[in-house]
Amino acid sequence: METGYNPRTVEEVFKDFKGRRAGLIKALTTDVEEFFQQCDPEKENLCLYGFPSEQWEVNLPAEEVPPELPEPALGINFARDGMQEKDWLSLVAVHSDAWLVAVAFYFGSRFGFQKADRKRLFNMINELPTIFEVVTGAAKKQQRDKYSVSNHSSNKSTSNSKSGKSSKTQSKDEDEDGLDEDDEEEHGETLCGACGENYASDEFWICCDVCEKWFHGKCVKITPARAEHIKQYKCPSCSSNKRTRP
């Protein structure tokens with residue numbers, strides 16, 4: 001519910017979109033425990049907001065009518081305990097995707113984007129996986145299917161093993177260019193389960209042994225040194241699923 005921020009070019013609107021998207025993905029993945037607790041069904045109608053600063057907030061809707069920006073789905077907290085957590089998170093993700101597009105094209109309309117600009121903005125947005133795809137793992141599955149078609153399924157299976165995890169820790173220090181090139185080719189389109197960004201060979205990544213999603217080490221606060229001592233890594237979402245519900 002920030003005020004006074006008005007991106008005026010396609011690039012600025014897309015940057016705004018990516019920042020808000022990153023914040024929402026963080027709420028529904030790495031910060032899911034905190035997000036779940038904040039969505040108390042006993043409270044009033046609550047909304048999930050994403051900000052250009054890549055932060056998120058659960059709050060009441062804007063009081064002004066009409067609001068300065070399109071508003072997210074109202075009352076997400078009321079459905080929290082009435083359905084399975086993964087289904088509830090998926091529902092919030094779908095509404096968050098719709099809200100992001102609404103905000104982006106609100107800016108486009110307000111600042112007079114022409115047909116070509118609107119098309120370019122949509123194409124830029126469409127290159128990124130939706131929040132729903134990231135939260136449900138559909139984006140990861142799509143990447144697996146691509147690897148399978150490209151005869152990379154065996155390599156992918158190997159990379160999901162513990163040795164696959166350790167190969168990430170070697171990516172910065174490995175002097176053999178051939179290894180880096182193979183790693184980049186194999187994982188070039190792999191997406192981080194937290195921020196949704198692509199894999200890069202010069203970054204440390206770790207794979208969850210439960211859901212098999214890959215994460216930037218920085219997104220889940222795991223360092224290469226710490227990873228060496230983890231026998232079985234569980235991402236924040238899989239760890240939170242151990243909670244019991246009344």
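R80 is buried, with a relative accessibility of 12%. Its salt-bridge partner is D81, and the closest N and O atoms of the two residues are 2.9 Å apart. The model described here is predicted.

**Salt bridges**

- Side chains of opposite charge can pair when their charged atoms come close.
- The count of salt bridges in this model comes to four, and the pair formed by R80 and D81 is one of them.
- The two members of this pair fall into separate accessibility classes: R80 is buried at 12%, whereas D81 is partly exposed at 48%.
- A salt bridge also joins D16 and R20, whose closest N and O atoms lie 2.6 Å from each other.
- D16 and R20 both belong to helix α1, which spans residues 10-28, and because they are four residues apart there, about one helical turn separates them.
- D16 has a relative accessible area of 2% and is therefore buried, as the limit for that class is under 20%.
- R20 is likewise counted as buried, with a relative accessibility of 1%.
- E203 and K218 form a further salt bridge, with an N to O distance of 3.7 Å.
- E203 is in the loop between α9 (177-187) and β3, while K218 is in helix α10 (residues 217-220), so this pair ties together parts that lie 15 residues apart in sequence.
- Of these two residues, E203 is partly exposed at 22% relative accessibility, and K218 is exposed at 64%.

**A buried lysine without a salt bridge**

- K213 is located in the loop that runs between β3 (205-207) and β4 (214-216).
- Although K213 is buried, no salt bridge is found for this residue.
- The nearest side chain of opposite charge to K213 is that of E85, at a distance of 11 Å.
- A salt bridge requires a side-chain nitrogen within 4 Å of a carboxyl oxygen, and the distance from K213 to E85 is given as 11 Å.
- A polar atom of the K213 side chain does, however, lie 3.0 Å from the backbone oxygen of V135.

**Packing of helix α1**

- Two packed helices are described by the angle between their axes and the distance between the axes.
- The axes of α1 and helix α3 (residues 85-110) come within 10 Å and cross at roughly 165°.
- Angles over 145 degrees count as roughly antiparallel, and α1 and α3 are therefore assigned to that class.
- The crossing of α1 past α3 is right-handed.
- With α4, helix α1 packs at an angle of about 30°, and the axes of these two helices are 10 Å apart.
- Angles under 35 degrees count as roughly parallel, and this is therefore the description that applies to α1 and α4.
- Helix α1 passes α4, too, in a right-handed crossing.

**Residues brought together from separate parts of the chain**

- T130 is situated in the loop between α4 (115-126) and α5 (131-136), and at 32% relative accessibility T130 is partly exposed.
- The C-alpha atoms of T130 and R21 are separated by 8.7 Å, although the two residues are 109 residues apart along the chain.
- K231 is placed in the loop between α11 (224-227) and α12 (236-240).
- The relative accessible area of K231 is 76%, which means that this residue is exposed.

**Backbone features**

- The peptide bond that leads from V65 to P66 is cis, and its omega is near -5°.
- P66 is found in the loop between β2 (56-59) and α3.
- E212 has a phi near 65°, a positive value in a residue other than glycine.
- E212 lies in the loop between β3 and β4, and its relative accessible area of 34% makes E212 partly exposed.
- K221 also has a positive phi, near 60°, and is a residue other than glycine.
- The loop between α10 and α11 holds K221, which counts as exposed at 70% relative accessibility.

How values were computed:
Residues are numbered from 1 along each chain as its sequence is written. This is a predicted model: local features need pLDDT of at least 70, side-chain atom pairs count only at pLDDT 80 or more; totals for chains, interfaces and linings use all residues. Side-chain values use heavy atoms; hydrogens and water are left out. Buried means under 20% relative accessible area, exposed over 50%, partly exposed in between (1.4 Å probe, protein chains only). Lys and Arg count as positive and Asp and Glu as negative; His and the chain ends are not counted. A polar contact is a pair of N or O atoms within 3.5 Å; within protein, one must be able to donate a hydrogen and the other to accept it, and residues adjacent in sequence count only if both atoms are side-chain atoms. Axes are lines fitted to C-alpha atoms, for helices over the stretch in contact, and angles run from 0 to 180 degrees between N-to-C directions. Angles under 35 degrees count as roughly parallel, over 145 as roughly antiparallel, 65 to 115 as roughly perpendicular and the rest as oblique. A crossing is left-handed if the near helix is turned anticlockwise from the far one by less than a right angle, and right-handed if clockwise.
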